[in-house]
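Please keep the sequence and the model side by side while reading this note.

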Amino acid sequence: QVQLVESGGGLVQAGGSLRLSCAASGTIFSINAMGWYRQAPGKQRELVATITRGRSTNYADSVKGRFTISRDNAKNTVYLQMNSLKPEDTAVYYCNANTPDRWGMENNYWGQGTQVTVSS
């Protein structure tokens, strides 16, 4: 089993910045893709950004140029630097990771979520 624990959420004014972190722990052989998703009240969960083990990245159009995803493979940690935050970025942000088990089967894990609130 793998556990993902997010941190770094909070309340910030529009135009401000926050940095989210997500640390993976447990029985980890390796971690392939990691990512951040978010869910605003009354809306479906949506992709924010993903990063492969080789650090190839993918971003939602709404955050391109403002958010940066990165990872530290040695620490099994993924980060999301969020700049120029807007009220519409308000949501619960979830960490996601794909890891193989000892038999090579890919498993998908979610963190518990961290609230990000951007005031206007």
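1. Two residues are said to be in contact when heavy atoms lie within 4.5 Å. Leaving aside neighbours within four places in sequence, Leu80 is in contact with residues including Leu18, Leu20, Trp36, Val48, Ile69 and Tyr93.

2. This is a predicted model, in which local features need pLDDT of at least 70 and side-chain atom pairs count only at pLDDT 80 or more, whereas totals for chains, interfaces and linings use all residues. Residues are numbered from 1 along each chain as its sequence is written, and side-chain values use heavy atoms, with hydrogens and water left out.

3. The chain has zero helices and 11 strands, where helices are DSSP runs of H or I with at least four residues and strands are runs of E with at least two, numbered from the N terminus.

4. Buried residues, meaning those under 20% relative accessible area with a 1.4 Å probe and protein chains only, make up 42% of the 120 residues.

5. Of the contacts with a separation of 6 or more, 52% are between residues 24 or more positions apart.

6. Along its principal axes, the C-alpha trace spans about 50 × 25 × 20 Å.

How values were computed
Buried < 20%, exposed > 50% of the residue type's maximum accessible area, 1.4 Å probe, protein only.
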